[in-house]
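This briefing is meant for someone meeting the structure for the first time.

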Amino acid sequence: MSESTGLAWVPLSGIGYDVHAFAEGRALVLGGVTIPFHKGLDGHSDADVLCHAIADAILGAIGEQDIGHHFPNTDASYRGISSIELLRRVGAILAKRGARLMNVDSTLIAEAPKVGPHVAAMRENISKALGITPDRVGVKATTNERMGFVGREEGIAAFAVASVIIPTPPTASGPSA
Ligand code: MG
């Protein structure tokens with residue numbers, strides 16, 4: 001691209017963090033996988049904390065505002081929406097900017113349930129939604145060693161980072177772009 005248009009592919013990264021509290025009578029959805037458990041996460045959408053952290057990481061990488069801005073919980077059309085669908089829409093925002101997603105990596109922090117058996121399916125769901133291969137989607141899980149709100153099984157937290165490349169004119173800010 002740089003030869004014909006004068007644009008350079010500039011690498012950018014973003015970080016995302018989210019937390020949702022457990023609630024009775026809700027399905028537990030993580031990375032688009034419904035995991036059998038006696039409670040789920042509370043939220044306006046399906047409360048998929050992992051997808052939300054990943055969405056914010058991607059939006060942050062391209063200098064966009066967070067998912068609460070793009071998909072406000074005051075909008076009834078997002079009630080109960082699949083967060084995998086929200087990831088698709090974040091992918092569309094990325095595409096509109098001409099950016100390409102290189103990879104995402106993420107960590108779920110949950111005392112229970114065990115999510116390890118579901119990680120492969122989560123990576124598959126997330127990669128499909130974002131149009132990248134599963135090997136570019138990291139999903140890791142850890143406990144909080146019984147400490148704090150996660151340790152008391154009050155909720156689940158997730159961190160994510162995303163790496164993108166975006167076409168940038170040479171005059172724009174950035175190292176020798
Ligand atoms: Mg959230």
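In this predicted model, strand β1, which covers residues 8–23, pairs with β4 in the antiparallel sense, and the two are joined over two bridges. Within that pairing, A23 has G40 of β4 as its bridge partner. Both strands belong to an open sheet of five strands, ordered β4-β1-β7-β5-β6, in which the pairing is mixed.

**The sheet**

- The edges of this sheet are formed by β4 (40–41) and β6 (137–142), each of which pairs on one side only.
- Strands of a sheet pair through backbone hydrogen bonds, and the pairing may be either parallel or antiparallel.
- An antiparallel pairing over nine bridges links β5 and β7, and here V104 stands opposite A162 in β7.
- A parallel pairing over six bridges links β5 and β6, where T107 has K140 of β6 as its bridge partner.

**F22 in strand β1**

- F22 has its place in strand β1, and it counts as buried because it has 20 C-beta neighbours inside 10 Å.
- Leaving aside residues up to four places away in sequence, F22 touches K39, L41, E153, E154 and G155.
- One of these contacts, E153, is 131 residues away from F22 along the chain, although the C-alpha atoms of the two are separated by 7.7 Å.

**Helices α2 and α4**

- Helix α2, made of residues 49–61, lies across β1, β4, β5 (100–109) and β7 (155–168), and it runs at about 150° to β1.
- Helix α4, made of residues 83–96, has 14 residues and reaches 20 Å from its first C-alpha to its last, which is close to the 20 Å expected at 1.5 Å a residue.
- Which residues of α4 are buried? They are S83, I84, L86, L87, V90 and L94, and because they cover an arc of only 150° around the axis, they lie on the same side of α4.
- What covers these buried residues of α4 includes the helices α2, α3 (67–70) and α5 (119–130), together with the strands β5 and β7.
- On the other side of α4, by contrast, A92, A95 and K96 are exposed.
- After α4 comes G98, a residue whose phi is positive, near 80°.

**The chain as a whole**

- The chain contains six helices and seven strands, and from the N terminus on its elements run in the order α-β-β-β-β-α-α-α-β-α-β-α-β.
- A compact globule of 177 residues would have a radius of gyration near 16 Å, and the 17 Å of this chain agrees with that.
- Along its principal axes, the C-alpha trace of the chain spans about 55 × 35 × 25 Å.
- Of the 177 residues in the chain, 36% count as buried.
- Among the contacts between residues at least 6 apart in sequence, 74% join residues that are at least 24 apart.

Notes:
Residues numbered from 1 in each chain as written. Predicted model: local features only at pLDDT ≥ 70, side-chain atom pairs only at ≥ 80, totals over all residues. Pairing = 2+ DSSP bridges. Helix = DSSP H or I, 4+ residues; strand = E, 2+ residues; numbered from the N terminus. Contact = placed C-beta atoms within 7 Å. Axes fitted to C-alpha atoms, helices over the stretch in contact; angles between N-to-C directions. Expected span 1.5 Å × (residues − 1). Buried ≥ 20, exposed ≤ 12 C-beta atoms within 10 Å, placed from the backbone. Arc of directions from axis to C-beta. Rg over C-alpha atoms; globule rule 2.2 N^0.38 Å.
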